[in-house]
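Please report on the fold, the confidence and some selected residues of this protein model.

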Amino acid sequence: MGISLGVICHRGYSITAAGPALRRLRKTVIQPIGRPRDEIQLTEFDHLCGSDISHISAPVFTPNGAVSLALMLTGMPMNLTGSGIAEYAERLRLSAATVTSETHGRPPK
């Protein structure tokens, strides 16, 4: 999770696997207790399509830089490409930044 958390913080949103991508990843990502993870954060998504994505989320911050809520997109179009996913994610990140600003919040330092 350390690597994916760094990527999420850097880009300002998270993308979670679903469908065929999640089934492929579950074969290799196992928790220490031997159960597959319920959610897998994607650090790269150029090769994915809309059906591979469960959701995209972006944080809204409070005035002291804590996360107050997250904006989330679900139900991606099946024919969405990797570049389309990136566009949706960036628009969501900008929307979350606008809500943060309008509510006098600020991202953490």
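## Basis of the model

This is a predicted model, in which local features need pLDDT of at least 70 and side-chain atom pairs count only at pLDDT 80 or more, while totals for chains, interfaces and linings use all residues. Residues are numbered from 1 along each chain as its sequence is written, and side-chain values use heavy atoms, with hydrogens and water left out.

The average pLDDT (the predictor's confidence in each residue, from 0 to 100) of the protein chain is 76, and 63% of the residues score at least 70. Residues 27-36 have a pLDDT below 50; beyond near neighbours in sequence, this stretch has 7 contacts (heavy atoms within 4.5 Å) in the model.

## Overall fold

The protein chain contains 3 helices and 3 strands, arranged along the sequence as α-β-α-β-β-α. Helices (H or I, at least four residues) and strands (E, at least two) are DSSP runs, numbered from the N terminus. Of the contacts between residues at least 6 apart in sequence, 65% join residues at least 24 apart.

Buried residues (under 20% relative accessible area; exposed is over 50%, partly exposed in between; 1.4 Å probe, protein chains only) make up 33% of the 109 residues. The chain exposes about 6900 Å² (Shrake-Rupley method, 1.4 Å probe), of which carbon and sulfur atoms supply 57%.

## Helix H3

Helix H3 covers residues 82-102, 21 residues in total. From first C-alpha to last it reaches 30 Å, close to the 30 Å expected at 1.5 Å a residue; the expected span is 1.5 Å times one less than the number of residues.

Gly82, Gly84, Ile85, Ala89, Leu92, Ala96 and Thr100 are the buried residues of H3. Seen down the helix axis they fall within an arc of 160° (taken from the directions from the axis to the C-beta atoms), so they line one face of H3. The face turned away from this buried side carries the exposed residues Ser83, Arg91 and Glu102. Just after H3, histidine 104 has a positive phi of about 65°.

## Selected residues

Threonine 100, in helix H3, counts as buried because its relative accessibility is 4%. Leaving aside residues up to four places away in sequence, threonine 100 touches Pro59, Val60, Phe61, Gly105, Arg106 and Pro107.

Tyrosine 13 sits in the loop between helix H1 (2-11) and strand S1 (14-17). With 7% relative accessibility, tyrosine 13 counts as buried. Tyrosine 13 and leucine 71 are 58 residues apart in sequence, with 9.5 Å between their C-alpha atoms.
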